Amino acid sequence: MRSLFPVTDLTESASGAEDPSGPLIDREWSLDELADAYAYPTGLPAEGPATPWLRANMVSTLDGAAQHDGRSQGISCAADMRIFGTLRGLADVVIAGAGTVRLEGYRPARAREAFAARRAAAGQGPAPAVAVVSGSLDLDFSLPLFTEPLVPTLVVTGDGAPAGRIAEARKAGAEVVIAGEGARVDPARVVRALADRGLTRQLTEGGPLLLGQFVAAGVLDELCLTVSPMLTAGDAQRIAGGPGVTVPERFFLASLLEEAGFLFTRYRRTDR
């Protein structure tokens, strides 16, 4: 892996010593280096309620497909999965839509020794919580995601969700978070409700419908997009779906890594 932009940010190792290989040399990066490269921003406004930072992590082929044969794994790679694990290792909470949870077979986030000291220093628990967004609560609450998490799983829904399903979620050990009216979950309220619980370092892994809702609501701060050097054609979803925004919001390139033709981009809002 090598850093293409910015070319001078990673000339030192995680220990602070000068790295003779430099950022442009293709080499395997340690998890510490990846964690430094993807660290959440510091110095966010501290007045009033806690300020959240919502980043998304997605993968797309050259022709815009967010999945192949219904899943993202086929267009990913080992380096992409290392970054995936790093982003989880830095987050307070991983947010996913119910469809993605079902399709990708989500399990509880696990504690990883590689991030233990970093998380402890940041005042975080041993692993991020998983927050599942669902208006209908059409979920299997007998799955390990709900019954065996290291950190209780959050179920985010609207105030009109079926009472019986809410009771089942709580019985399974999940924490129910109301962030919407009727059957609709409000994406801005999701971000705020999680931040009010101290979960400010937020990571969403989609799916495309949920990411599209965050984009339309104007609450996405950062996009970590892996560009896979593949062409799929077909009619696979893009990384974000749903209604378009009236005026597209411009993001700026914060960093760009490359390995084996895969590009690991990180874009941030211009006003944060």
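Predicted model: local features only at pLDDT ≥ 70, side-chain atom pairs only at ≥ 80, totals over all residues.
What percentage of the 272 residues of the protein count as buried? I looked this up and found that 46% do, where buried means under 20% relative accessible area, exposed means over 50%, and partly exposed lies in between, with a 1.4 Å probe and protein chains only.

Residues are numbered from 1 along each chain as its sequence is written, and side-chain values use heavy atoms, with hydrogens and water left out.

Next I looked up the secondary structure, which comes to 8 helices and 10 strands; these are DSSP runs, with helices (H or I) of at least four residues and strands (E) of at least two, numbered from the N terminus.

I then turned to contacts, meaning heavy atoms within 4.5 Å, and found that, among those between residues at least 6 apart in sequence, 68% join residues at least 24 apart.

My last entry is on one residue, Leu62, which I found in the loop between β2 (53-61) and α2 (78-90). Leu62 has 55% relative accessibility, so I wrote it down as exposed. Apart from neighbours within four places in sequence, Leu62 is in contact with Val227, Ser228, Pro229, Met230 and Leu231. I also checked Leu62 against Ser3, and the two are 59 residues apart in sequence and 20 Å apart in space, C-alpha to C-alpha.
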